[in-house]
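Take a look at it first, then read on.

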Amino acid sequence: LDKIVASRNMKERTGTGITAQDEADRIYRAIFRKSISPKVRDRYHRAVDLVPSDFSLEENRAFAEVLRTVSDLEALELAARRQNKMPLLIARFRLMVHLAESLPANQHVFINSSGRRMSGYISLAFGSARTLCKHLKGRFLLRRVGDV
Amino acid sequence: MYDVLIVGSGVSGVAAALRFADRGLIPCLVDVGLEPPCEDIIQENLYSYRKNHDSFALMIGENFEGLVDLGQKSPSVPAKLASPWIRYVTSHAQEYSPTQSSGFDVIQSFCQGGLASAWGAGLYRYLDRDLENFPIETQDLAPYYDRLTKEIGISGANDDLTSYFGRDEFLQKPLKPSLNASRIIRRYAKKREKLNAKGVYIGRPRLGVLSDGKDGRKPCGYSNLEFWQPGLSHIYSPVLTMKRLIKEQKLIYREGLLVKSWSRKDSALIVRAQTVGKGEMVDMACKKLVLAAGAVGSARLVLQTKKDTRTELDLLDNPALQFPFVFPSRIGARLETDAFGLTQLNLVYDSQKFEKILQGSLLEVTSPSRSEFFHHFPWAAHDNLRLIRHMLPALIVLQLFLPADASNAAKLSLKEDGSLHVQAVKDRIDPEIIKDILKMFRRLGAFSSVSRVVHVPKGQSIHYAGTLPMRADPRESFTCDRNGELYGEPNVFVVDGSVFPALSAKNYSLALMANAMRTADFIVEKMRD
């Protein structure tokens with residue numbers, strides 16, 4: 001219970017005006033390019049409260065600041081992951097992916113049941129080019145956030 | 001007074017109990033005995049279940065217990081042990097055995113069956129080359145191997161790896177290989193001569209997983225539930241043998257007891273335990289005490305009994321590397337949803353370039369959640385989903401184990417406050433090994449790169465050994481003789497991994513069980529004398 005209260009207090013104290021709902025919506029959209037379902041949003045909200053956290057108040061504040069100032073979270077998360085920075089942002093992305101995977105409606109996102117290989121190759125070719133652009137943008141954003 | 005009191009219900013404790021029962025002696029087995037939260041709830045394939053049901057309770061848990069590692073900066077539990085219904089295997093470990101560690105993830109279990117309740121079920125015979133530096137030989141363990149194969153139900157084949165694994169006439173047929181594994185088998189068959197010349201041998205694994213029904217247990221249904229559902233009847237667990245012995249009144253089982261120490265009164269050993277929950281102290285008298293609480297647990301018991309906070313004991317674990325390999329021709333293929341979710345094949349690398357033999361397990365990745373791979377892939381988040389969808393069907397993982405001995409052992413000691421402390425030594429793994437493995441898999445049509453190879457965190461192989469090693473002529477405390485009797489402690493025997501002075505790259509579970517039975521035989525003979 002202490003951890004839950006501490007986590008809630010931490011969010012209130014960050015004082016950046018970013019609500020848990022905004023946070024869930026933005027992270028989900030960054031990963032899945034669509035709107036979050038109410039079930040996943042509710043679970044995300046509860047997970048942030050319930051999962052015991054090693055992250056400090058400072059890290060929570062920095063994360064809230066990132067949510068407030070950075071529009072392309074996906075690019076930032078990629079650059080952060082590649083450079084072992086911003087572990088809280090990376091953890092929240094992972095959390096969202098786990099929560100989304102548990103819904104039957106999202107199975108097609110994770111599991112290839114069609115076996116159309118050519119479309120797979122094309123999708124991956126497009127993905128690699130897109131990742132390259134995101135990485136360049138992410139590095140720029142990471143430098144900017146570092147300055148903040 | 002009990003004739004024999006066994007501490008711990010893992011593979012070693014239950015194997016010893018089995019041998020005592022075979023010889024007509026009824027031992028008492030004591031442990032904490034945590035039980036799974038559920039068994040056999042899901043009766044269908046993981047993927048059909050996920051398609052039709054919200055799998056939140058199965059994969060994450062109502063209290064998000066499957067995601068606890070996401071709140072930590074350095075995850076310390078392998079994915080399988082983090083899953084909601086299998087977490088019980090390691091739950092309360094810090095409470096019952098407080099441990100601080102540096103560079104070594106100490107994984108302990110206080111459940112029925114111990115860590116074998118969540119194991120990969122690899123069961124290999126230690127042969128003479130694995131028993132270098134041991135005061136025993138293959139012939140000492142050989143009589144027990146066949147008995148264990150019949151008791152457990154081991155699937156596998158006598159194939160190219162027989163010279164490394166030993167011939168076994170009682171094996172069930174091997175499990176159906178996955179599409180990726182079949183591809184390797186075909187390529188290996190074509191290039192066998194060249195690969196063998198370089199010391200590379202590939203074959204079917206020896207697993208405690210049924211391919212045919214046995215004693216009311218079902219054969220493997222290829223449901224992919226290995227990471228999620230406890231008590232799957234096709235995977236052997238020592239609990240199966242333990243329950244049978246209890247039912248046949250060949251074993252007295254006392255659960256809910258955490259053994260703390262022992263003392264002596266006249267010719268008896270007085271074992272002191274604490275009841276779980278109430279915290280009351282209970283004394284039990286016995287003639288022979290058999291420690292099977294695991295290499296860490298048994299070491300703690302001995303250190304606590306001796307009240308020794310100075311001695312540092314060796315703690316061995318196999319260093320391991322994980323290689324993800326991709327078959328380009330399988331990219332974009334449909335995910336094979338009815339493959340066996342653990343070891344598909346074994347690889348032995350017996351090269352003159354390296355001093356010791358290396359052994360690897362090729363693992364299919366259909367059982368873990370897809371999200372588990374998200375942070376291992378290097379692309380942007382949305383594009384990582386593409387990789388998960390199109391690349392994972394083409395992926396197989398090689399877990400390569402290296403031998404361990406005193407030279408790369410961690411140090412374990414008891415602190416004044418009663419906690420254990422484990423200090424790791426950094427492994428030095430020859431980079432040539434990685435290069436060679438990548439090269440040999442290219443020949444098999446599977447590709448990876450040095451940057452994708454993961455060094456498994458120390459302690460996460462969970463093959464712990466060496467804390468109370470057996471010696472031919474023990475002359476110091478914290479060592480055992482060849483029969484497992486602790487030096488300076490008559491009638492106290494150690495039968496778990498503690499007594500193994502070294503680890504070959506081969507999984508040691510079957511050898512542990514055979515050795516525990518050997519010690520049980522010695523105890524029976526001694527009592528008859």
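## A buried strand and its partner

Let's start with strand E2 of chain B, residues 28-31. B:Cys28 and B:Val30 point one way from this strand, B:Leu29 and B:Asp31 point the other way, and all are buried (under 20% relative accessible area; over 50% is exposed and in between is partly exposed, with a 1.4 Å probe and protein chains only). In a regular strand, side chains alternate between the two faces of the sheet. Strands here, like helices, are DSSP runs numbered from the N terminus: at least two residues (E) for a strand, at least four (H or I) for a helix.

B:Ile6 stands opposite B:Leu29 in E2(B).

A word on the model: it is predicted, so local features need pLDDT of at least 70 and side-chain atom pairs pLDDT 80 or more, while totals for chains, interfaces and linings use all residues. Residues are numbered from 1 along each chain as its sequence is written, chains are lettered from A and ligands numbered from 1 in the order written, and side-chain values use heavy atoms, leaving out hydrogens and water.

## An open sheet

Chain B also has an open, antiparallel sheet of 6 strands, in the order E4-E11-E12-E13-E10-E16. Strands E4 (200-203) and E16 (454-455) sit at its edges with a single partner strand each, so one side of each has no neighbour in the sheet.

E4(B) pairs with strand E11 (residues 343-349) of chain B over 4 bridges, in the antiparallel sense. B:Gly203 has B:Asn346 in E11(B) as its bridge partner.

## Two positive phi values

Most residues other than glycine have a negative phi. B:Ala121, though, has a positive phi near 65°. B:Ala121 lies in the loop between strand E3 (99-102) and helix H6 (138-152) of chain B, and is buried at 1% relative accessible area.

B:Tyr222 also has a positive phi, near 55°. You'll find B:Tyr222 in the loop between E4 and helix H10 (238-247) of chain B, where B:Tyr222 counts as buried at 15% relative accessibility.

## Exposed and partly exposed

B:Lys190 belongs to helix H8 of chain B. With a relative accessible area of 76%, B:Lys190 is exposed.

B:Glu255 is in strand E5 (residues 252-255) of chain B. At 40% relative accessibility, B:Glu255 is partly exposed.

Notes: Pairing = 2+ DSSP bridges.
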